[in-house]
Amino acid sequence: MMIISEMAQLTQISEYTLRYYEKKELIAVSRDARGRRNYDENDIEWIRFIQRLKETGMPLRNIKKYADLRAKGDQTVHERLEMLEAHRIFVVAEQQKWAQNLYNLDAKIEYYRKKD
């Protein structure tokens, strides 16, 4: 078990963000007798997964929906799979868009280098 400052250091996510995730019910954290948050190994992996979803552009409302489904257990595996598959399509489209943008940027750089 670890407290919020330890979790923040381990995951490189601020204490403020961890509290925000809890407020938005993306994570459910147990508390000790004094009311301090106690994080465990499962929390670490879940928080890191939330970060990966955010980094790939999944909106918080969708992450919240995924978190709600996850909390309901294995009977929601199919729905979670569908969400991740749909998000994967979005990520691939974003990759293609960024690849095209990079190609265009490189072409413009090469154009200016030839003019120089």
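A residue is called buried when its relative accessible area is under 20%, exposed when it is over 50%, and partly exposed in between (1.4 Å probe, protein chains only). Keep that in mind and select Glu25: with a relative accessible area of 54%, Glu25 is exposed.

Before moving on, note that this is a predicted model, in which local features need pLDDT of at least 70, side-chain atom pairs count only at pLDDT 80 or more, and totals for chains, interfaces and linings use all residues. Residues are numbered from 1 along each chain as its sequence is written, and side-chain values use heavy atoms, with hydrogens and water left out.

**Stop 1: two loops**

Stay with Glu25, which is found in the loop between H2 and strand E1 (30–31). Helices (H or I, at least four residues) and strands (E, at least two) are DSSP runs, numbered from the N terminus. The phi of Glu25 is near 60°, a positive value in a residue other than glycine.

Now select Gln12, in the loop between H1 and H2. Its phi is also near 60° and positive, and Gln12 is not a glycine. Is Gln12 buried or exposed? Gln12 counts as exposed, because its relative accessibility is 67%.

**Stop 2: helix H4**

Select residues 60–72. This is helix H4, with 13 residues, reaching 18 Å from its first C-alpha to its last, close to the 18 Å expected at 1.5 Å a residue. The expected span is 1.5 Å times one less than the number of residues.

Which residues of H4 are buried? They are Ile63, Tyr66, Ala67 and Leu69. Look down the axis of H4: these buried residues fall within an arc of 165°, so they line one face of the helix. The arc is taken from the directions from the helix axis to the C-beta atoms. On the other side of H4, you will find Arg61, Ala71 and Lys72 exposed.

Next, show helix H3 (41–55) and helix H5 (77–115), against which the buried residues of H4 pack. Contact here means heavy atoms within 4.5 Å. Just after H4, Gly73 takes a positive phi of about 100°.

**Stop 3: a cluster of rings**

Show the side chains of Trp46, Phe49 and Tyr66, which ring pairs link into a cluster. Rings of Phe, Tyr and Trp (its six-membered ring) pair if their centres lie within 6.5 Å; planes under 30 degrees apart count as stacked, over 60 as edge-to-face and the rest as tilted.

The structure holds 4 aromatic pairs. In one of them, the ring centres of Trp46 and Tyr66 are 5.9 Å apart and the planes are at 15°, so this pair is stacked. Trp46 belongs to helix H3 and Tyr66 to helix H4, 20 residues apart. Both residues are buried. Phe49 and Tyr66 have ring centres 5.6 Å apart and planes at 45°, so their pair is tilted.

**Stop 4: around Ile27**

Finally, select Ile27. Which residues is Ile27 in contact with, leaving aside its neighbours within four places in sequence? They are Leu18, Tyr21, Glu22, Tyr39, Trp46, Ile47 and Ile50.
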